[in-house]
Amino acid sequence: MTAPDPSTVRLEGPWRHRDVRANGIRFHAVESGPNDSDAPLVVLLHGFADFWWTWRHQLTALADSGHRVVAIDLRGYGDTDKPPRGYDGWTLAGDVAGLIRALGHTDAALVGHADGGLVCWATAVLHPSVVRSIALIASPHPIALKRAVVRTRAQRSAFLPSFLACQLPWAPERRLTRDGGAEVDRLIRSRMGSLRPGDVGELADVLSRSRSAIQIAGAAHCSLEYQRWAFRSQWRPDGKRFMTAMDKPVTIPVLQIHGDADPFVLRSTLRSDGRWAPDLRLCGVPGAGHYPHWERPDAVTSALLTFLGAPDR
């Protein structure tokens, strides 16, 4: 079967597609709202086995409130370049800091889901001057997650098996892409919350587009490199330096959104973020699982609008 062309993720809608060069590679960015540097910038960062389209609801709703909103395909995903290296916390933080500057801004509010949230944490710590605030969805501070996996049986049982399964060579790539991306379908269904009447069409759309995006040449391998670096670096000097660097509080506002029915990242783990985020606000989304931004988009958008505030133009 021929892999989908990367351009297939350039979906039409009330937004603008563009290419932005930052940190040595080309990023596919999708923009909505005012196209100038006077409007406050919000950057949306997706999670594992996903792409920019996961933010379609927030992309337009935040723009309608006056923000300049940019959702990107992270390094290695969608129609963004897929270099062989750079899936470490240092480089990913540099990607976002470079993007903010390349878009003509001095700072931005960052919103990230899962792996995208880790990038938010890293950018806030390593490049504090370019980050106004961070909003996370199911994305605990990396030290909080590590400690919870080690110390808490429930979090270890929920997280560790799939995380360790990513560490093998080549087999995880084949698992993600075979049968038309059926493994992505399985992962999403196993981590989401309860369906409501009328959600069947939305879910079918999510599954279809996510399965197609992971089959783009190189996307499965690159997505797994995030997981592999996070695990293998724990025993290497670069990983130890990263975790040491991350072990300090951020002084910016931090919002942590979680689905009350999330079986993958537990609420108790997210509560531990307060050690590294004195200005932490927790927001639960009833009925949602690991993907509340598209499972319950209105609730997440409302929480983000309250957190970000009205732009001062």
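**Ground rules.** Residues count from 1 along each chain as its sequence is written, and side-chain values use heavy atoms, without hydrogens or water. As this is a predicted model, local features need pLDDT of at least 70 and side-chain atom pairs 80 or more, while totals for chains, interfaces and linings use all residues.

**Sheet.** I looked up the strand order and found an open sheet of eight strands, β1-β2-β4-β3-β5-β6-β7-β8, with mixed pairing. (Strands are DSSP E runs of at least two residues, helices H or I runs of at least four, numbered from the N terminus; strands pair if DSSP finds at least two bridges between them.) β1 (16–22) and β8 (280–285) each have a single partner strand, so one side of each has no neighbour in the sheet. I then checked β5 (residues 108–113) and β6 (residues 131–137), which pair in the parallel sense over six bridges. Leu 110 stands opposite Ile 134 in β6.

**Helix pair.** Next I took α3 (residues 115–126) and α9 (residues 237–246), whose axes come within 10 Å and cross at roughly 75°. (Axes are lines fitted to C-alpha atoms, for helices over the stretch in contact; angles run from 0 to 180 degrees between N-to-C directions.) That makes α3 roughly perpendicular (65 to 115 degrees) to α9. The contact (heavy atoms within 4.5 Å) includes Trp 121 of α3 and Phe 242 of α9.

**Cysteines.** I counted zero disulfides, meaning pairs of cysteine sulfur atoms within 2.5 Å. For Cys 166, the nearest cysteine sulfur, that of Cys 222, is 14 Å away. Cys 166 is buried (under 20% relative accessible area) because its relative accessibility is 8%.

How values were computed
Parallel < 35°, antiparallel > 145°, perpendicular 65-115°, else oblique. Buried < 20%, exposed > 50% of the residue type's maximum accessible area, 1.4 Å probe, protein only.
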